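This briefing covers selected features of the structure shown below. The points are grouped by topic.

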Amino acid sequence: MANEITNNGLVGDLRLAQMISAEIRLLLKDSVNLRNTPFVDFVGSINGMGSDTIRVRKAFLDGEDGFSEFTGGTEDGAVGNKALVDGHVDVVCKRNSLAYAITDLASMTGMGSDIDPFRIAEHISKSYDALFAKLTAAVFGGFTAQVGSASTLSVDVWVDAIQALEAAASNKGAPGPYVCVLHPAQFAQLQDSIRNEANTAVSYSPASFEAISAKGSHYKGSYMGVEIYTSSYVTDNGSNYAAAMFAAGAIGYATGMPASLPGAVEAMEMGEVMVEMDRDATKALTKVVGHAYLGIAIIDDDRGVEIATTV
Amino acid sequence: MSFTPQPWAPIQTTQEQLLPERANHPFFYKWHPSNWTFHYFDKEVTKGKSTKTERVGYFIPTIRLERIIPGVNGVHQINGEQGNPGSRIGRLQQEGWVYLDPAKYQYVHQYRVRNGRFHCPKWQSVRVVGNRVIKSFDRDAFLKWSASLIVDGTLQPIEPHFWELESLKSNKVIGRLQNTQHIPEVKQQLEEKYKIREDMLSFIESFNQKGIEIYKEII
């Protein structure tokens with residue numbers, strides 16, 4: 001027998017060595033953030049404000065318990081003025097940009113649901129969530145209060161963090177509910193510790209399917225009334241992670257969006273990102289550039305605590 | 001017309017060796033007088049003619065790292081990912097933090113990576129095996145440096161009140177474990193916690209007698 005028709009024999013002429021899939025599978029991403037939750041405050045837009053910085057004003061109002069204490073006010077004594085406690089925090093917006101360039105050939109050879117300038121524009125706009133998650137995690141090391149340190153994340157450290165918030169500002173206490181953003185490795189440490197607990201009075205409530213659908217894939221449930229999110233953007237200093245537990249009002253962000261782009265060939269406002277297309281005809285190249293103006297800061301240091309546990 | 005051929009040679013390319021890590025921002029260290037950690041060091045103790053090594057606990061200042069990221073905590077953008085931390089440092093100092101200038105203490109190491117530099121503390125060693133970055137941190141050396149900043153007067157004030165709060169925290173854990181001390185593993189944990197609390201209290205007592213001189217024993 002000879003001249004059988006085989007697949008191997010046809011490759012190169014009648015058959016392809018590989019056929020690319022119609023669909024592109026997405027690699028794992030980590031872009032869940034707290035932007036649309038009550039735990040992070042929007043402090044304003046810098047558009048038309050005369051500065052790239054928003055100054056958040058703070059004052060101790062509506063809770064003065066001293067009245068005439070130490071300021072006179074006996075039956076006929078003149079009462080002295082009390083000093084008003086005030087302060088401020090600056091939230092500085094910064095230009096964040098992300099750019100890609102794709103040739104016409106790369107674009108025209110696309111097949112099925114593939115890469116083209118518009119898909120890249122969508123990718124840039126959705127990447128804003130990852131940027132927000134990254135910058136949120138970057139502020140955690142700024143909280144003065146700290147629990148943990150030379151240990152892994154345990155139930156004891158968890159309770160210390162809750163109690164630190166409950167005793168914040170000389171026991172005035174930060175109002176709940178609280179949220180916690182942990183590094184995934186810290187969450188694993190916490191799970192191990194919970195598993196070893198003999199006391200089941202406080203149990204861990206894992207995230208339900210509905211909760212994950214609503215809050216994102218990195219929502220992990222709640223423990224002792226504190227909502228847990230994980231983020232790979234939680235930083236470390238080589239020996240310790242810098243995660244945080246905090247209440248609403250602890251962290252705030254400011255944004256900006258260019259109102260008009262004179263000279264831009266094509267610009268799209270995609271959520272918080274301004275995406276522009278730029279064309280280099282001599283190179284048959286389309287550039288897709290996204291800009292987002294964002295600043296994030298600790299607004300009230302008393303409302304958060306850093307959870308530092310070993311790497 | 002004749003042409004003289006040139007010998008063929010492969011194009012010489014020099015590939016720069018880059019660390020396979022993501023670029024990150026430079027940083028500075030800071031310390032707040034309320035941030036402490038209790039850590040054990042090996043100490044040589046001489047009794048009579050014999051010298052033996054004992055594990056002795058010390059309260060060590062928890063020196064914390066803050067990256068200089070434009071747009072975060074009031075850091076202004078200078079150029080690209082370069083930020084000016086001036087106003088941030090000023091604010092921290094107003095709130096009681098001690099700023100440890102990286103230019104003065106030389107604790108930042110940097111490596112070239114794609115799209116920038118990877119900044120890490122000098123106590124972190126970085127190796128690459130099979131394109132994977134293996135990092136290890138010499139915690140003991142870092143903590144000894146932290147202690148040396150007490151001795152040279154950089155970190156002030158040293159307030160034992162915060163150490164007492166730490167020992168009170170350990171009391172809570174002891175109280176919780178006591179409920180289940182009939183379980184051998186819990187009993188063992190409980191004894192360890194008792195030992196830590198005792199060591200914390202004895203350190204506070206020693207500090208009250210000797211002052212910051214006590215830290216000279218470990219640096």
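A:Arg119 counts as partly exposed, at 28% relative accessibility; buried means under 20% relative accessible area, exposed over 50%, and partly exposed in between, with a 1.4 Å probe and protein chains only. This is a predicted model, in which local features need pLDDT of at least 70 and side-chain atom pairs count only at pLDDT 80 or more, while totals for chains, interfaces and linings use all residues. Residues are numbered from 1 along each chain as its sequence is written, chains are lettered from A and ligands numbered from 1 in the order in which they are written, and side-chain values use heavy atoms, with hydrogens and water left out.

- Over all chains, the structure holds 21 salt bridges, each defined as a side-chain nitrogen of Lys or Arg within 4 Å of a carboxyl oxygen of Asp or Glu.
- A network of salt bridges links A:Arg119, A:Glu122 and A:Lys126.
- A:Glu122 is partly exposed at 29% relative accessible area, and A:Lys126 is partly exposed at 47%.
- Helices (H or I, at least four residues) and strands (E, at least two) are DSSP runs, numbered from the N terminus.

**A salt bridge between a strand and a helix**

- The side chains of A:Glu227 and A:Lys215 form a salt bridge of 2.9 Å, N to O.
- A:Glu227 belongs to strand S9 of chain A and A:Lys215 to helix H7 (residues 209-215) of chain A, so this pair ties together parts that are twelve residues apart in sequence.
- A:Glu227 counts as buried at 19% relative accessibility, whereas A:Lys215 is partly exposed at 31%.

**The sheet of chain A**

- Seven strands of chain A form an open sheet of mixed pairing, in the order S5-S15-S10-S6-S9-S8-S7; two strands pair if DSSP finds at least two bridges between them.
- Strand S5 (146-148) and strand S7 (204-206) of chain A are the edge strands, each pairing on one side only.
- On average, neighbouring strands of this sheet are turned by 25° against each other, direction ignored.
- Axes are lines fitted to C-alpha atoms, for helices over the stretch in contact, and angles run from 0 to 180 degrees between N-to-C directions.
- Strand S6 (residues 178-182) and strand S9 (residues 226-230) of chain A run parallel and are joined by four bridges.
- A:Val181 has A:Tyr229 in S9(A) as its bridge partner.
- Helix H4 (residues 155-166) of chain A lies across several strands, including S5, S6 and strand S8 (219-223) of chain A, and runs at about 160° to S15(A).

**Chain B as a whole**

- Chain B contains five helices and eleven strands.
- The radius of gyration of chain B, taken over C-alpha atoms, is 25 Å, well over the 17 Å that the globule rule gives for 219 residues, so chain B is more spread out than a compact globule.
- The globule rule is 2.2 Å times the number of residues to the power 0.38.
- The C-alpha trace of chain B spans about 100 × 45 × 45 Å along its principal axes.
- Of the 219 residues in chain B, 40% are buried.
- Among contacts (heavy atoms within 4.5 Å) in chain B between residues at least 6 apart in sequence, 61% join residues at least 24 apart.
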